[in-house]
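This report goes through one protein model and its ligand site.

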Amino acid sequence: MTDVLLKVENLKKHFPIKKGIFAREVGQVKAVDGVSFDVLEGETLGIVGESGCGKSTTGRMLMRLIEPTEGDVTFNGKNLTALSAEEMRQARRDIQMVFQDPYASLNPRHTVAQILEEPLIVHNIGTKAERRDKVMRLLKTVGLSEYHANRYPHQFSGGQRQRIGIARALMTNPKLIIADEPVSALDVSIQAQVLNLMQQLQQELKLTYIFIAHDLGVVRHISDRVGVMYLGKMVELATSESLYEEPLHPYTKALLAAVPVPDPDFVKETTMLQGDIPSPSNPPSGCTFHTRCPFAQAACKEKVPVLQQIKPGHAVACHLYDDTVTMI
Ligand code: SF4
């Protein structure tokens, strides 16, 4: 049995809404509202949802780049939420992040060699010569060349910049990489190259990935399991096979209906989404998806559905699959 590398329990982030000269709190934006999941060693967990669903906030809370309002994050047996700032800095050697926009996340005034060396300096790893050696090795690992070391970020294409972002994340030999929309800003042909590189690195370096994306199509081939988020909650969590073969939640079905299929004979179930995503500062009652769900019944407005396992490796939060809720 594979070990659990990361355990997330009831994670919440509520941002206060303040008004007036006294900055009185008048409400809260529930960006993440009680999310729980495990990440197994060596797997890729995809987290998917529309913008504003809380997936990126969740990713950042795992590294405590955003402090959680509530909940626990246990990594390798250590409760990260209980660590001091210095202990957390140490823990970040093992958890690294790859960001959506490699250009914005790379210092434009630093050479690639300086950018890659920085995490080693921050964590006080190696001598100058050892660090230089590692920079050169990692450049090759991600498909770049040694002569790229003295160039600046603006001298690279988007795909190459993302390779630099990945190399930087790998410098400290992390166990877990949280990739937040790592290919969303890239052309489709380049997306495939970066995804292939990430898969190859995962096998070679035995990495565990959390791969955040707004599109179920992108995470399909890279993920072992996929979690679907809607308005700060996880509404479905399943193995990739089960989720794509037989999606259960109406929201997942709608997201899948929006993914283009290359086979012209394939007839899709077309559950299209109605309306816009509601504001997380004033989420709908009961099931927060009820304002857009074609199957919504009276019970959906009143009762909050709980994420529960329906079959092995497949959990969903929807009253349609809950025998204890009467749907008429
Ligand atoms: Fe739709 Fe009701 Fe299921 Fe929510 S609980 S997804 S509103 S059927």
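Is K206 buried, partly exposed or exposed? The relative accessibility of K206 is 68%, and because exposed means over 50%, K206 counts as exposed.

## Overall form

The model is predicted. In the protein chain, the secondary structure amounts to 11 helices and 12 strands. The C-alpha trace spans about 70 × 60 × 45 Å along its principal axes.

The radius of gyration of the protein chain is 21 Å, which agrees with the value near 20 Å that a compact globule of 328 residues would have. Of these 328 residues, 48% count as buried.

## The ligand site

The ligand is surrounded by 13 residues. The closest of them are C287, C293, C300, C318 and H319. Sorted by class, this shell holds 10 nonpolar residues and 3 polar ones, with no charged residues.

Which cavity does the ligand take up? The space taken by the ligand is the largest cavity.

## Aromatic pairs

A pair of aromatic rings is described by two values, the distance of the centres and the angle of the planes. A search of the whole structure finds 3 aromatic pairs. One of them is formed by Y230 and F289, with 5.0 Å from centre to centre and 80° between the planes, an edge-to-face arrangement. This pair links distant parts of the chain: Y230 belongs to strand β9 (residues 225–230), while F289 is in the loop between α10 (250–257) and α11 (298–302), and the two are 59 residues apart. Y230 has a relative accessible area of 0% and is buried. F289, at 2% relative accessibility, also counts as buried, because the cut-off for buried is under 20%.

What kind of pair do Y251 and F289 form? Their ring centres are 5.3 Å apart and their planes stand at 65°, so the pair is edge-to-face; the angle that counts for this class is over 60 degrees. Here too the pair links distant parts of the chain, with Y251 in helix α10 and F289 in the loop between α10 and α11, 38 residues apart. Both Y251 and F289 are buried. Y230, Y251 and F289 together form one aromatic cluster.

## Loop positions with positive phi

K206 is placed in the loop between α7 (188–205) and β8 (208–213). The phi of K206 is positive, about 55°, although K206 is not a glycine.

N76 also has a positive phi of about 55° and is not a glycine. Where does N76 lie? N76 is in the loop between β4 and β5 (78–79). With 44% relative accessibility, N76 counts as partly exposed, because this value falls between the cut-offs of 20% and 50%.

## T69

T69 is located in the loop between α1 (55–62) and β4 (70–75). The relative accessible area of T69 is 43%, so T69 is partly exposed. How far apart are the C-alpha atoms of T69 and E246? They are separated by 34 Å, and the two residues are 177 residues apart along the chain.

Notes:
Residues numbered from 1 in each chain as written. Predicted model: local features only at pLDDT ≥ 70, side-chain atom pairs only at ≥ 80, totals over all residues. Heavy atoms only, no water. Near = heavy atom within 4 Å. 1 Å grid on protein atoms, 1.4 Å probe; cavity = no way out; pocket = protein on both sides within 12 Å on 5 of 7 lines; lining within 4 Å. Sits in = over half its atoms within 2 Å of the grid points. Nonpolar A, V, L, I, M, F, W, Y, C, P; charged D, E, K, R; others polar. Phe/Tyr/Trp six-rings, centres within 6.5 Å; stacked < 30°, edge-to-face > 60°. Helix = DSSP H or I, 4+ residues; strand = E, 2+ residues; numbered from the N terminus. Buried < 20%, exposed > 50% of the residue type's maximum accessible area, 1.4 Å probe, protein only. Rg over C-alpha atoms; globule rule 2.2 N^0.38 Å.
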